[in-house]
Amino acid sequence: MKEKIQQILSELENLKCKSQKEVEEARVRFLGKKGEVTALFEEFREMGKELKKEYGRSLNELKQNAQAKIDALKSEVGEEAGADGPKQDLTMPGDPFDLGSRHPVSIVRQEIVDIFRKFGYDVAEGPEVEDDYHVFEALNFPPNHPARDMQDTFFVSAGHPNPLLLRTHTSSVQVRAMEKMNLPIRVICPGRVFRNEAISARAHCIFHQVEGLYIDEDVTFADLKQAILLFAREMFGADSEIRMRPSYFPFTEPSAEVDVSCNICHGKGCNICKGTGWLEIMGCGMVDPNVLEASGIDSHKYSGFAFGMGLERIAMLKWRVNDLRHYFENDMRFLKEFNTSIEV
Ligand code: DAH
């Protein structure tokens, strides 16, 4: 009996289980009805008084020991693993969880919105599927203007005379703002636009713009210049300068292209600004009186300015992205370059 007890004790001590199934097998082996410990108790029952005295205590200890070992093994193997699932290694690192980050175009849009909000502008949005009237007609595009051509515009329906199309610029939202909002109007309109362009490093059929519009009494070109200068300094650095070059848009008169001083070479000339010291950032101008009148605004009393810029272009200048296609490929290696903390 003594040796048997010793033997079981040392077996228990060395006992290892990998699954709940093995723990259960061990329990049956030692403590089950026909188990080894149970068998010793049966032997014990037949013993004389003297022997009972000798072994009673150690047998009881053996049983407790066996039960404690089985309990310990049970919790060590882990309940979650199931009857025969693998033992869980709690020291393993957790599953990597990609939080993601904001897209560079979203970051730039938010920055622009924040800057103009400070200047008192509201944000307006309009439909991406627009009609010819809001994209062209009300913006003073003559009927034969090339922008209305199938080469540039994705038409959705052929409706005559006002077909539905995918807006080619966010200037359509300024028309909707002029129709709906009370004067004075101060809005910026961020949004997605579509043009039938071959996709290359410098052009895409989908891109984003931000449109700006300010209409009030006595708004002048000087106000436009000042608004854009302040914007450029917030966006590209406090020492930025702007210059304007005469241009043409059907909906503004006069019209201009705006360049900002190159924030890399500070005007000395580098390969980013192609040696000129200037980077083109937007188109702008004084809203053409025809455009005001088309939306029911008295052009004798009110005047205004408008501007429009491409978000991908601004982001390209800001971060020196050299290929427009990167923005649309959802390559995590590219997107992670702009990892910013996400405010919640
Ligand atoms: N809509 C023009 C474009 O897509 C950008 C633009 C230029 C908007 C001048 C304006 C503006 O409001 O005044 O190229």
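Hi everyone, let's start in the middle of this predicted model. Its largest nonpolar core has 47 residues, and the ones touching the most other members are Ile 112, Phe 305, Phe 307 and Met 309. Which elements build this core? At least two residues each come from helices H5 (104-118), H8 (221-236), H10 (311-319) and H11 (332-335), and from strands E5 (206-217), E7 (252-261), E8 (278-287) and E9 (302-310). Helix H8 gives the most, with 8 residues. As a bit of background, nonpolar side chains tend to be buried together in soluble globular proteins.

Let's zoom in on Phe 305. Leaving out residues up to four places away in sequence, Phe 305 touches Tyr 121, Gly 212, Leu 213, Tyr 214, Val 219, Thr 220, Asp 223, Leu 224, Ala 227, Gly 285, Met 286 and Val 287. Apart from the core we began with there is another one, of 24 residues, including Met 178, Val 187, Cys 189 and Ile 297.

Now, over to a pair of helices. How do H1 and H4 pack? Helix H1 (residues 2-14) and helix H4 (residues 49-77) meet at an angle of about 15°, and their axes are 10 Å apart. That angle is under 35 degrees, so H1 is roughly parallel to H4. The crossing of H1 past H4 is left-handed.

And which residues meet there? From H1 we have Lys 2, Ile 5, Ile 8, Leu 9, Leu 12 and Glu 13, and from H4 we have Tyr 55, Ser 58, Leu 59, Leu 62, Asn 65, Ala 66 and Lys 69. Sorted by class, this H1 and H4 contact holds 8 nonpolar, 2 polar and 3 charged residues.

Methods: Residues are numbered from 1 along each chain as its sequence is written. This is a predicted model: local features need pLDDT of at least 70, side-chain atom pairs count only at pLDDT 80 or more; totals for chains, interfaces and linings use all residues. Side-chain values use heavy atoms; hydrogens and water are left out. Axes are lines fitted to C-alpha atoms, for helices over the stretch in contact, and angles run from 0 to 180 degrees between N-to-C directions. Helices (H or I, at least four residues) and strands (E, at least two) are DSSP runs, numbered from the N terminus. Angles under 35 degrees count as roughly parallel, over 145 as roughly antiparallel, 65 to 115 as roughly perpendicular and the rest as oblique. A crossing is left-handed if the near helix is turned anticlockwise from the far one by less than a right angle, and right-handed if clockwise. Contact means heavy atoms within 4.5 Å. Ala, Val, Leu, Ile, Met, Phe, Trp, Tyr, Cys and Pro count as nonpolar, Asp, Glu, Lys and Arg as charged, and the others, Gly among them, as polar. A nonpolar core is a set of buried Ala, Val, Leu, Ile, Met, Phe, Trp, Tyr and Cys residues joined through side-chain atoms within 4.5 Å. Buried means under 20% relative accessible area, exposed over 50%, partly exposed in between (1.4 Å probe, protein chains only).
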